[in-house]
Each structure stands twice: as structure tokens, then as C-alpha cells.
Amino acid sequence: MSNDSILSVSKLTKSFGRLDVLRGIDLDVTEGEVIALIGASGSGKSTFLRCVNRLETPTSGTIRFRGTECTAANINSVRKEIGMVFQRFNLFPHLTALQNVTIAPLRVLGQSEAQADKEGMEMLERVKLTSKAHNFPGELSGGQQQRVAIARALALKPAVMLFDEPTSALDPELVGEVLEVMKDLATEGRTMLVATHEMGFASEVADRVLFLDEGVILEQGPPSALLVNPREERTRAFLSRILS
């Protein structure tokens with residue numbers, strides 16, 4: 001792990017039975033860096049993010065956050081530091097937007113209701129949804145629900161944010177509002193790992209793009225290089241399909 005890395009992954013593998021989904025991932029993430037993970041469905045992007053957040057237990061390898069190995073024993077402290085936004089919004093349907101945002105600070109951080117509500121409204125303001133604070137998820141559009149999910153992840157003040165295809169479940173006209181919030185987070189200097197098919201977002205926001213193929217990082221580099229003139233034929237084939 002390099003001295004300036006906030007997150008370090010070494011020789012990470014993950015198998016489901018005989019299926020090897022991750023086959024030796026090595027990655028150092030610098031604090032404040034925005035990394036876009038691209039690749040075909042089934043390349044291992046989602047599994048990789050879920051291993052980083054310990055939602056999946058790696059088969060082998062290590063994940064270190066600020067020098068400390070992430071294990072089953074410290075899983076709760078890890079998840080407070082590494083927030084995650086999923087493809088599907090996973091909001092509690094019986095709770096309002098504000099209640100969805102405050103539930104973790106109340107239960108995990110032990111905040112008072114007044115403090116949680118105050119900070120919850122601040123989180124909703126960051127995603128431009130204070131007017132929907134008392135609406136239930138069923139009363140919100142998909143884009144609004146995903147922005148609530150981002151606010152919920154931010155509520156624990158994580159040092160690293162993971163985004164697993166956050167726009168893939170949205171109608172095309174709703175994608176922009178979610179990407180706009182994510183761009184704002186990137187400009188704040190937040191460390192982000194984003195699995196995405198939005199090449200425009202990757203090109204504009206990412207410091208580094210990783211192309212995953214069959215469970216390995218086939219190549220990586222700045223978006224100006226990898227997205228414009230990739231070295232690997234497999235990367236070129238993927239980009240020609242997705243950009244056509």
C-alpha cells in the first residue's frame with residue numbers, strides 16, 4: 001500500500017462455486033481520487049465493489065482502508081467509512097425520504113432525533129430534494145429515489161463512496177439528475193469508485209478509468225487515454241459497442 005492510498009486492494013479473488021468472478025485484483029486508491037470501473041456485464045465490477053464494502057466475503061486477498069485490513073471482525077466500522085449506492089435504490093418503502101436518510105445515523109451513530117433530522121435535511125439539500133423530505137419512495141421518481149439513496153449513503157459521512165451502476169435502473173431522461181449530483185460530489189474532492197456505462201461521465205469526472213474483463217483489470221489509465229486510444233483489443237471492442 002502506497003503512503004497516500006486511502007484504499008488498497010491486493011490479490012483479491014472471489015469465486016462462487018466453480019465460477020471465478022474476480023481473479024486477482026490489485027488497486028491502490030488515492031484520497032480524493034475518482035475511479036470509473038467499466039466493462040461488460042459479468043466482468044466483475046459489481047462483485048468487486050461489494051467485496052470492498054464487505055457485502056461479499058472475498059475468497060482470498062486483502063482490502064485495507066487507511067492501512068487497516070478490512071475483516072469480518074471490523075465490518076461495522078468499515079461500512080461507516082465506505083458508503084455504497086446500489087443499482088436499485090433499496091429504500092424502505094414505509095419510511096419517508098428523510099426517515100430513509102436518518103435511520104442509519106440514529107441507529108449506527110446514536111444521534112439524537114433532532115440532530116439526525118437536521119443533518120438529514122442537509123443531506124437532502126445536497127441532492128436538491130428538501131421539498132420531498134416527507135414524501136414516501138412510491139411518491140418519487142426513480143431519479144429522485146436514487147438521489148435519496150445517495151443522501152442516505154452520505155449521512156454516515158463516509159470517506160469513500162462506491163456507486164454500483166447508479167443510473168442503470170433509470171429511464172434515460174432521469175439519468176442526468178443523478179449524474180449531476182455525483183459530479184458535485186467529485187468536485188468536492190470525495191473519493192469515489194463508480195461502476196458505470198456512462199462514458200461521458202467517466203470522461204468528464206474520473207481521474208482514472210479501469211477496464212475490467214473476466215475478473216481482471218485488463219487496462220487502466222486516464223480517461224483521455226483509455227477512452228480515446230486504448231491499448232487492448234478487448235477494450236477497443238467494448239468501447240466500439242457501447243459508444244456506437
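The model is a predicted one. Six strands form an open sheet of mixed pairing, and the largest nonpolar core holds 35 residues. A second, separate core has 27 residues. The structure also contains 16 salt bridges.

**The sheet and the helices across it**

- The order of the six strands in the open sheet is β6-β7-β8-β3-β9-β10, with mixed pairing.
- The edges are formed by β6 (82–85) and β10 (216–221); each has a single partner strand, so one side of each has no neighbour in the sheet.
- From one strand to the next, the twist averages 20 degrees.
- Strands of a sheet pair through backbone hydrogen bonds, in either a parallel or an antiparallel manner.
- Strands β6 and β7 (residues 160–164) run parallel and are joined by four bridges.
- V85 has F163 in β7 as its bridge partner.
- Helix α9 (residues 233–242) lies across β3, β9 and β10, and its direction is at about 100 degrees to β9.

**The nonpolar cores**

- In soluble globular proteins, nonpolar side chains tend to be buried together.
- Within the largest nonpolar core, of 35 residues, the members that touch the most others are L124, V148, I150, F163, M182 and M192.
- Two or more residues of this core come from each of α3 (97–107), α4, α5, β7, α6, β8 and α7 (199–205).
- Helix α6 gives the most to this core, contributing eight residues.
- M182 touches I150, F163, P166, M192, V194 and F201, when residues up to four places away in sequence are not counted.
- The second core is separate and has 27 residues, among them L12, L22, I35 and L210.

**Salt bridges**

- R66 and E31 meet through their side chains in a salt bridge, with an N to O distance of 3.2 Å.
- R66 is in the loop between β4 (60–65) and β5 (68–69), while E31 is in the loop between β2 (19–30) and β3 (34–38); the pair therefore ties together parts that are 35 residues apart in sequence.
- R66 is partly exposed, at a relative accessible area of 44%.
- K128 and D184 form a salt bridge in which the closest N and O atoms are 3.2 Å apart.
- Because K128 lies in the loop between α4 and α5 (142–154) and D184 in helix α6 (residues 172–187), this pair ties together parts that are 56 residues apart in sequence.
- K128 counts as exposed at 53% relative accessibility, whereas D184 is partly exposed at 27%.
- E122 and K118 also form a salt bridge, and their closest N and O atoms are 2.8 Å apart.
- Both residues belong to helix α4 (residues 113–126), where E122 and K118 are four residues apart and thus separated by about one helical turn.
- E122 is partly exposed, with a relative accessible area of 33%, and K118 is exposed, with 53%.
- A network of salt bridges links K14, R50 and E56.

**Two individual residues**

- T13 lies in strand β1 (residues 5–16).
- T13 has a relative accessible area of 18% and is classed as buried because this value is under 20%.
- The side chains of T13 and S60 make a polar contact at 2.5 Å.
- Apart from neighbours within four places in sequence, T13 is in contact with L22, R23, G24, P58, T59 and S60.
- S203 is located in helix α7 and counts as partly exposed, at 45% relative accessibility.
- S203 touches P223 and L227, not counting residues up to four places away in sequence.
- S203 and A225 are 22 residues apart along the chain, and their C-alpha atoms are separated by 9.8 Å.

Conventions. Residues numbered from 1 in each chain as written. Predicted model: local features only at pLDDT ≥ 70, side-chain atom pairs only at ≥ 80, totals over all residues. Heavy atoms only, no water. Salt bridge = Lys/Arg side-chain N within 4 Å of Asp/Glu carboxyl O. Buried < 20%, exposed > 50% of the residue type's maximum accessible area, 1.4 Å probe, protein only. Pairing = 2+ DSSP bridges. Axes fitted to C-alpha atoms, helices over the stretch in contact; angles between N-to-C directions. Contact = heavy atoms within 4.5 Å. Core = buried A, V, L, I, M, F, W, Y, C linked by side-chain atoms within 4.5 Å. Polar contact = N/O pair within 3.5 Å; in protein donor to acceptor, adjacent residues only side chain to side chain.
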